[in-house]
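Thanks, everyone, for making the time this morning.

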Amino acid sequence: MKRRVLVSALAGLSAVACVSDPAVSTGTSSSIEIINAPNLDAMDMAAGIAAGHFSAADQVAFSLGQIETLDRSGPTLQSVLSINPEAMAQAKALDEEARNGALRGPLHGVPVLVKDNIETRELPTTAGSLALLENKTGRDAPIIARLRASGAIIFGKTNLSEWANFRSTSSMSGWSGVGGQTKNPHSLDRSPCGSSSGSAVAVAAGLVPLAIGTETNGSIMCPSAMNGIVGIKPTVGLLSRTHIVPISPTQDTAGPMARDVKSAALMLSVMAGEDPADPATANADDHVTDYLAGLDGDLSGLRIGVLRFAVGENEEIGAVFADGLADLEAAGATLVDIDEFEPGEAFSQSFYILQAEYKTALNAYLADAAPAVTVRALDDLIAYNEANAARELVLFGQEILLMSQETGGMEEARYTEAYTALRKASRDEGIHHLLKEYDVDVLVAPSRPPAFLIDAVYGDEYPGGTGADYIAAIAGTPNMTVPMGAVRGLPVGMSFMARAWDEATMIRAAYGFEQQSRAIVSPGFAANSFVLEETAGAMRPYVAPSEGGE
């Protein structure tokens, strides 16, 4: 009989989980099959638990070890804010059910980390802010309840850009007052992007196979791309937003973040569906399907529009993207070039719309927060930050909060007119227009440039003019990113966009690309460019070969 041992794939690290095989406790001999646990995807993990090869308790123990080794010491990634104190007990209960042949669903025993703006019953939901440290509501967001029903273990909460990065125009992605600064595992001096920073880093570093992020405009896509994982931003309304700290009722959505397309698709299938408390989901059940169905890697008959205008000026990104396009053609897709897109004038109203929606939506959320929370409206939050400036305002300010407070919220006439014009410009004259005009099923572009440096003086910088994710974000249509390679050792992704509710076609295209390209870049935890393999030599003085140089 073989027993399986979960071991870290990272050289020099020894986060080893206990095994539950009877051979271990009895001392009998057996052959050992080594599993590279950080590369074990969610589906293989669930299958192994169902077959009795290892247990959910093994997975929890392994993840706890990884967090201690990588997140709280060693590279000190700072991606995990809190761990569910009931995680191990829940894992053991799920193991007992599995031994009795009672599997709850396709994620039975798989640990999932949750961005800390989504409520879970065991832990407070802080949005990264000290103002919500006591926001322990004791309730699950509906998407969390769906995950539990499928057998997933809600393992803990991840760090994020505070208030989902809707606080300052000069913010640092991945920083929150509660969690500090999350680091990119590929190069620790570089940004994880945000706002779903901790969720992306935790998956990329192999702490867990699955995490949940949220997006209003780029907050799943950017961290997924810059950390080298798969992220899906579904159509707004496919997943419930109830009990999630909001920004925008018209753009907000949660979404899966995973190491591979199939795991992300499975997670999406589990979380999707109607919620009576969220009107945007009223027709979700009409669109939900099995997003794993038909994923065979063959893209024959699929027409893909290539957003050439979104490639940007970085020639290295362009070269990686060109290789990715060749992979799409090799998988059977037909490519159609799209050279230009001029956003309508209404796009200039998008920031105002977010401000107005934020004031109304956040006020409603805070009014319903846990009883111990003293901040009950946006103006209370602004005052709280000013009173706690030594922690909350030392790195950047709260200009966006102040601008949002000055609006009349969603009730003012300007908002209604601006929103109607923007929805038409972004969807009818944007995503859907491009798909129809060029007779294509999916649009593709590079997701983002490689990760920029963490900068505590000037804040984030997004160089290169790469990507078109904003179009899908503002339109509320689906978008996802898949690793397509690296630029100077840092991962870059390919973005796939589709019509509203057509996640199935988008995922089919992304899976075909993933299977053809196999372009995942594993993190190396380099301290900076002086030790990153691709750049280390050039960062130091030249030494002639005769003097011992290369």
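This is a predicted model: local features need pLDDT of at least 70, side-chain atom pairs count only at pLDDT 80 or more; totals for chains, interfaces and linings use all residues.

Searching the whole structure for cavities of 30 Å³ or more turns up two. The largest cavity holds about 60 Å³ of space, and of the 12 residues that line it, those nearest its centre are Met-45, Phe-62, Ser-63, Leu-207 and Pro-209. Helix α3, which runs over residues 56-71, gives the most to that lining, contributing three residues. Sorted by class, the lining of the largest cavity has eight nonpolar, three polar and one charged residues.

The second largest cavity holds about 40 Å³, and its lining is made up of Thr-250, Gln-251, Ile-353, Tyr-419, Leu-422, Arg-423 and Ile-474. Here the largest share, three residues, comes from helix α15, residues 413-437, and the class division of this lining is four nonpolar, two polar and one charged.

Turning to the outside, there is a nonpolar patch on the surface formed by Phe-530, Val-531 and Met-539, which together have about 260 Å² of accessible area. Met-539 sits in the segment after α17 (503-517), and with a relative accessible area of 37% this residue is classed as partly exposed.

Now to the salt bridges, of which the count comes to 17. In one of them the side chains of Arg-99 and Glu-96 meet at 3.0 Å, N to O; the two residues are separated by about one helical turn, because they lie three residues apart in helix α4, residues 87-99. Arg-99 is exposed, at 60% relative accessible area, whereas Glu-96, at 38%, is partly exposed.

What does Arg-121 form a salt bridge with? One partner is Glu-122, with the closest N and O atoms 3.7 Å apart, and Arg-121 is partly exposed at 39%, while Glu-122 is buried at 6%. Asp-140 also forms a salt bridge with Arg-121, the closest N and O atoms being 3.5 Å apart. That pair links distant parts of the chain, with both residues in the loop between β4 (111-115) and α5 (142-149), 19 residues apart. Asp-140 counts as buried, because its relative accessibility is 17% and the cut-off for buried is under 20%. Through shared partners, salt bridges join Arg-121, Glu-122, Asp-140 and Arg-148 into one network.

Conventions:
Residues are numbered from 1 along each chain as its sequence is written. Side-chain values use heavy atoms; hydrogens and water are left out. On a 1 Å grid over the protein atoms alone, a cavity is a set of points where a 1.4 Å probe fits but cannot get out, and a pocket is an open set with protein on both sides within 12 Å along at least five of seven lines; lining residues have an atom within 4 Å of a point. Grid points are joined across faces, edges and corners, and a volume is the space filled by probe spheres set on the points. Helices (H or I, at least four residues) and strands (E, at least two) are DSSP runs, numbered from the N terminus. Ala, Val, Leu, Ile, Met, Phe, Trp, Tyr, Cys and Pro count as nonpolar, Asp, Glu, Lys and Arg as charged, and the others, Gly among them, as polar. Patches are made of residues with over 30% relative accessible area and no salt bridge: like charges are joined within 9 Å, nonpolar side chains (Val, Leu, Ile, Met, Phe, Trp, Tyr) within 5 Å. Accessible areas come from the Shrake-Rupley method with a 1.4 Å probe; for residues, only the protein chains shown count as cover. A salt bridge is a side-chain nitrogen of Lys or Arg within 4 Å of a carboxyl oxygen of Asp or Glu. Buried means under 20% relative accessible area, exposed over 50%, partly exposed in between (1.4 Å probe, protein chains only).
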